[in-house]
Amino acid sequence: MIPDLLTAAQFSTVYNALSLVIAAQLFTAIFLLVSLPRVLPRYRPAVTIALIVCGIAVYHYFRIFDSFNAAFATDSVGGSDGYAQVAGIGFNEGYRYVDWLLTVPLLLVELIAVLALARKMQNRLLLQLVPAAILMIALGYPGEVSGDLGVRTVFGVLSSIPFFFILYVLFIQLSKSLALQPVEVRGTLSRLRFLLVLSWGVYPIAYLLPALDLGADGWVWKQVGYSIADIVAKAAYGLIIYQVAKTKSWIEDPEFAEHERPLSHPLRTVADLDKAA
């Protein structure tokens, strides 16, 4: 499934996409690390998991980046510059699936963690979501590495079954729990589920691109699609989780909020402003 030859523009597109993901994940992880004290201890596990997700992604994208650079070397074809696949060295797509096998279940765990539900309800949701996420990724991998369209289709359909189960849990069962959340974050948490699903929706599109027989362009845009989806599903998602955790911390502990909020923050009360004056 890996093209034998990339043009200079195609090579640069993949190179820059992978570089962008490394930068986005790395600096999001740094931000979450330094911001951890700004949320109450009960919400720090959610932010810590978001930090770990970004850290795992940084590690694997460094491996993907190195694998890509090793797999293609400058070559001259027909008088124009290009990058030919190096004999005996293949691009390792498996790094992505190892990354997703770890991070996709953790994305669901951090969502449940920031809700701070009762222990029994939390455990029930995790027992449903985490195995389904692992199964979804595990079933997608055989199709990803196969050059046979039939095999890709079969495993694509099989991996969709746990995906739809995850949707059922997020939009049917979890909706009841959202009603217990503070009004200030209820809308954000509801939209967060859509962000997760929309970002995950890029993966099957990229997964199916090789079936369109677009040649090297299809492979390049698959890499770009995966990269954009990973930025949204990990870095952007993690920042929203942090914002929810911070808002809930300030609502639940006014004394903690007094030291954390800027004077211009809309959640500042009149009493807070009088005290500050």
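First, the ground rules. The model is predicted, so local features need pLDDT of at least 70 and side-chain atom pairs count only at pLDDT 80 or more, while totals for chains, interfaces and linings use all residues. Residues are numbered from 1 along each chain as its sequence is written, and side-chain values use heavy atoms, with hydrogens and water left out.

I'll start with the overall layout. The protein has 9 helices and 3 strands; these are DSSP runs, H or I of at least four residues for helices and E of at least two for strands, numbered from the N terminus. Read from the N terminus, the order is β-α-α-β-β-α-α-α-α-α-α-α. Of the 277 residues, 47% count as buried, meaning under 20% relative accessible area with a 1.4 Å probe and protein chains only; exposed is over 50%, and partly exposed is in between. Contact here means heavy atoms within 4.5 Å. Among contacts between residues at least 6 apart in sequence, 76% join residues at least 24 apart.

Now two helix pairs. The axes of H3, residues 94–115, and H4, residues 119–144, come within 9 Å and cross at roughly 165°. Axes are lines fitted to C-alpha atoms, for helices over the stretch in contact, and angles run from 0 to 180 degrees between N-to-C directions. H3 and H4 are therefore roughly antiparallel, the label for angles over 145 degrees; under 35 is roughly parallel, 65 to 115 roughly perpendicular, and the rest oblique. By class, the contact of H3 with H4 holds 17 nonpolar, 3 polar and 1 charged. Nonpolar covers Ala, Val, Leu, Ile, Met, Phe, Trp, Tyr, Cys and Pro; charged covers Asp, Glu, Lys and Arg; the others, Gly among them, are polar.

The second pair is H1 and H2, whose axes come within 8 Å and cross at roughly 155°. H1 and H2 are therefore roughly antiparallel as well, but H1 passes H2 in a left-handed crossing. The contact of H1 with H2 has 21 nonpolar, 5 polar and no charged residues.

Next, the cores. A nonpolar core is a set of buried Ala, Val, Leu, Ile, Met, Phe, Trp, Tyr and Cys residues joined through side-chain atoms within 4.5 Å. The largest has 56 residues, and Leu-108, Ile-166, Leu-170, Leu-189 and Trp-200 touch the most other members. H3 gives the largest share of this core, 11 residues. Leaving out residues up to four places away in sequence, Leu-170 touches Leu-108, Leu-111, Leu-129, Ser-175, Arg-193 and Leu-196.

Last, two loop residues. Beyond four places in sequence, Gln-181 touches Val-114, Leu-115, Leu-117, Arg-186, Leu-189 and Lys-248.

Val-86 sits in the loop between strand S3 and H3. Val-86 is partly exposed, at 24% relative accessible area. Beyond four places in sequence, Val-86 touches Ala-70, Ala-71, Phe-72 and Ala-73.

Notes. A crossing is left-handed if the near helix is turned anticlockwise from the far one by less than a right angle, and right-handed if clockwise.
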